[in-house]
Each structure stands twice: as structure tokens, then as C-alpha cells.
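I opened this notebook to record what I looked up, one entry at a time, for someone meeting the structure for the first time.

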Amino acid sequence: MDSRYEIQRRAGGGSANASPALGVQSRRRKMPPRPADYKLQIIIIGSRGVGKTSLMERFTDDTFCEACKSTVGVDFKIKTVELRGKKIRLQIWDTAGQERFNSITSAYYRGAKGIVLVYDITKQETFDDLPKWMKMIDKYASEEAELLLVGNKLDCETDRIITKQTAERFTSRISGMRFCEASAKDNFNVEECFLKLVDDILAKNSLTSSGAWTLQGVESWPMLTPMLPTVVSSWLDVLCVVDHSGSTRGNYASRDSQQEALQQHPVSAA
Ligand SMILES: Nc1nc2c(ncn2[C@@H]2O[C@H](COP(=O)(O)OP(=O)(O)OP(=O)(O)O)[C@@H](O)[C@H]2O)c(=O)[nH]1
């Protein structure tokens with residue numbers, strides 16, 4: 001197969017009566033965190049119920065939801081990591097697995113530097129669906145995107161249907177695709193998988209080339225900056241806060257609003 005399947009200002013700071021020690025501490029608190037050097041987008045795709053949201057939430061918040069609602073359209077979360085001496089802000093897009101949302105989710109493939117394709121090791125049909133997802137990748141994603149196949153729900157070993165070897169065989173047919181197994185529930189191998197993907201992206205893209213984005217700060221959004229929670233500072237985050245009343249995650253279920261957003265703020269800098 002040839003195609004590639006926060007600083008809140010603390011009260012007390014600056015008081016003339018404050019002890020010298022407190023003054024030092026207060027000044028320290030005012031030091032802003034070092035800004036991220038780069039921003040990358042990662043998209044998580046795969047069939048319904050395989051654990052895409054769970055993997056994202058485990059990686060970004062270290063939480064697990066036993067009875068999550070199915071994703072509608074797309075959601076995202078932000079996580080900042082340090083790799084290769086650089087601070088990288090990851091924008092992780094979690095897509096709906098239901099086919100009826102494909103027309104919405106497909107618009108998010110193009111800006112992604114990394115694609116996480118997930119199946120459930122206990123559900124044959126989610127593995128059988130992989131070629132269909134590869135077609136989506138071929139059609140909508142950048143050829144430069146790094147691919148990672150994740151067999152999720154490894155805690156359910158006794159119910160395993162898809163062997164590791166079967167998945168490795170599938171992966172070997174796809175140029176450059178990596179494979180790992182993980183459990184969002186047990187927090188097994190989740191961070192490792194994501195970090196490996198990010199490292200691959202960094203290795204492939206020169207950090208100073210157009211392959212990675214130089215972070216654009218919120219300074220260019222003076223009217224909106226006071227509205228932003230700490231973790232939300234890019235233009236796209238601003239857009240989502242406006243749309244979703246302070247939520248740190250976005251959700252676009254409307255194709256019109258999504259297209260409008262993409263037109264006003266192109267996701268890809270390529
Ligand atoms: N045992 C086990 N259950 C998991 C794991 N990851 C997710 N689940 C469960 O699987 C179900 C679906 O998880 P989600 O994260 O919502 O799956 P999704 O792929 O985002 O689903 P859609 O949004 O419908 O596409 C939920 O009941 C989760 O609690 C895991 O690693 N192990």
C-alpha cells in the first residue's frame with residue numbers, strides 16, 4: 001500500500017509595611033512563566049468508544065471518566081510539555097468517532113502535525129475500521145503529519161481480540177507510522193505515547209522552519225486578554241472562550257462557525 005494510511009496578582013505585594021522577605025517572595029510571584037517556544041496541533045481520531053476522549057483527558061489532566069458522553073463534533077485541550085530544551089504548547093483535538101461528524105472533523109486534519117489513530121484492543125470492528133480512517137488521513141491530512149496507532153484499553157487484557165502482532169503488521173505497512181498499546185483507565189503508557197509522537201514531530205521539523213509554529217502571544221488580543229484563563233492564550237483558544245463562556249476547551253458542532261473560524265484564523269501555517 002503506497003498511500004499513508006497563569007499570575008493572579010496576590011494581595012500584599014507592594015505594601016510599604018511588608019517584610020523584606022515577603023517583598024522578595026511577592027516579586028518572585030510576579031515573574032511571568034516562561035512562554036512556550038512553539039505550538040503544535042495533534043488530532044485524535046478513531047471509531048466510536050475506543051477511548052479518544054479518555055486518552056486526551058488522561059494525558060492533559062490525568063483524569064479518567066468511566067461514563068463519558070460521546071463527543072459531538074470536536075473538542076480540544078491544551079497541554080504544555082518540555083522536550084529537546086523547548087517548551088511546546090500542544091493543542092490536542094479530540095474528534096467524534098461517529099461517522100455523521102466526519103464532515104466536521106475532517107476540517108481539523110489539515111493543521112495537525114501529529115495524528116493519533118486509536119482502536120480498542122477488545123473490539124474487532126474498531127480495528128477493521130482502521131483502513132477507513134487511513135483513507136480519511138490520506139484525503140485530509142498533511143503528508144508531513146506524524147502518525148501514531150494506539151491500541152487502547154490494555155487493562156482489558158483478558159478480553160483482548162486484537163493481538164499486538166496483528167497491529168504491528170498493520171503498522172508496518174504504513175510508512176512512518178508508530179504503534180503503541182495503552183490504557184487510559186490505568187494510566188499505562190499514555191504520556192509516553194504522546195511524548196514520543198511530539199518528539200517525532202520535533203525531530204522531523206526544524207524548529208525554526210515553517211514545520212513548527214512560532215507561538216503568537218495574546219499580546220495581539222489586548223481587549224480579550226483579561227478574559228483568558230491561564231492556559232488559554234492562543235487565537236484559537238480566544239475564539240473558543242468567546243464561544244463557550246470561559247470554557248478552556250472548545251467544541252465546534254456547527255460547520256458554518258467552524259469554517260468561519262478557519263477562514264478568519266487559518267490553522268495551518270504551512
Ligand atoms: N477499560 C477501559 N475503558 C476505557 C478506556 N478508555 C476509555 N474507556 C471507556 O470507554 C468508553 C468510551 O470512552 P471515550 O473516551 O468516550 O471514547 P471516544 O473514543 O472518545 O468515543 P466517541 O466520542 O464516541 O468517539 C467510556 O466508557 C470510557 O470509560 C481504557 O483504557 N480502559
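This is a predicted model: local features need pLDDT of at least 70, side-chain atom pairs count only at pLDDT 80 or more; totals for chains, interfaces and linings use all residues.

**Elements.** I next looked up the secondary structure, and noted nine helices and eight strands in the protein chain.

**The largest nonpolar core.** Which residues touch the most other members of this core? I found that they are Ile-115, Leu-117, Tyr-119 and Ile-137, in a core of 33 residues. I listed the elements that give two or more residues to this core, and they are the strands β1 (38-46), β2 (74-83), β4 (114-120) and β5 (146-152), together with the helices α5 (130-140) and α6 (164-172). The largest share, five residues, comes from α5. Apart from this core I noted another one, of 26 residues, which includes Cys-180, Phe-194, Leu-197 and Ile-201.

**Ile-201.** Is this residue buried or exposed? Because its relative accessible area is 0%, Ile-201 counts as buried. I placed Ile-201 in helix α7, which covers residues 190-204, and, not counting residues up to four places away in sequence, I found that it touches Leu-40, Ile-42, Lys-113, Gly-114 and Glu-146. I also checked a separation, and the C-alpha atoms of Ile-201 and Ala-141, which are 60 residues apart along the chain, are separated by 14 Å.

**Helices α2 and α7.** Staying with α7, I looked up how it packs with helix α2 (residues 52-61), and found an angle of about 85 degrees with the axes 9 Å apart. Angles of 65 to 115 degrees count as roughly perpendicular, and therefore α2 is roughly perpendicular to α7. Leu-55, Arg-58 and Phe-59 make the contact from the side of α2, while Val-190, Glu-191, Phe-194 and Leu-195 make it from the side of α7. Sorted by class, this contact of α2 with α7 has five nonpolar and two charged residues, and no polar ones.

Note on methods. Residues are numbered from 1 along each chain as its sequence is written. Side-chain values use heavy atoms; hydrogens and water are left out. A nonpolar core is a set of buried Ala, Val, Leu, Ile, Met, Phe, Trp, Tyr and Cys residues joined through side-chain atoms within 4.5 Å. Buried means under 20% relative accessible area, exposed over 50%, partly exposed in between (1.4 Å probe, protein chains only). Helices (H or I, at least four residues) and strands (E, at least two) are DSSP runs, numbered from the N terminus. Contact means heavy atoms within 4.5 Å. Axes are lines fitted to C-alpha atoms, for helices over the stretch in contact, and angles run from 0 to 180 degrees between N-to-C directions. Angles under 35 degrees count as roughly parallel, over 145 as roughly antiparallel, 65 to 115 as roughly perpendicular and the rest as oblique. Ala, Val, Leu, Ile, Met, Phe, Trp, Tyr, Cys and Pro count as nonpolar, Asp, Glu, Lys and Arg as charged, and the others, Gly among them, as polar.
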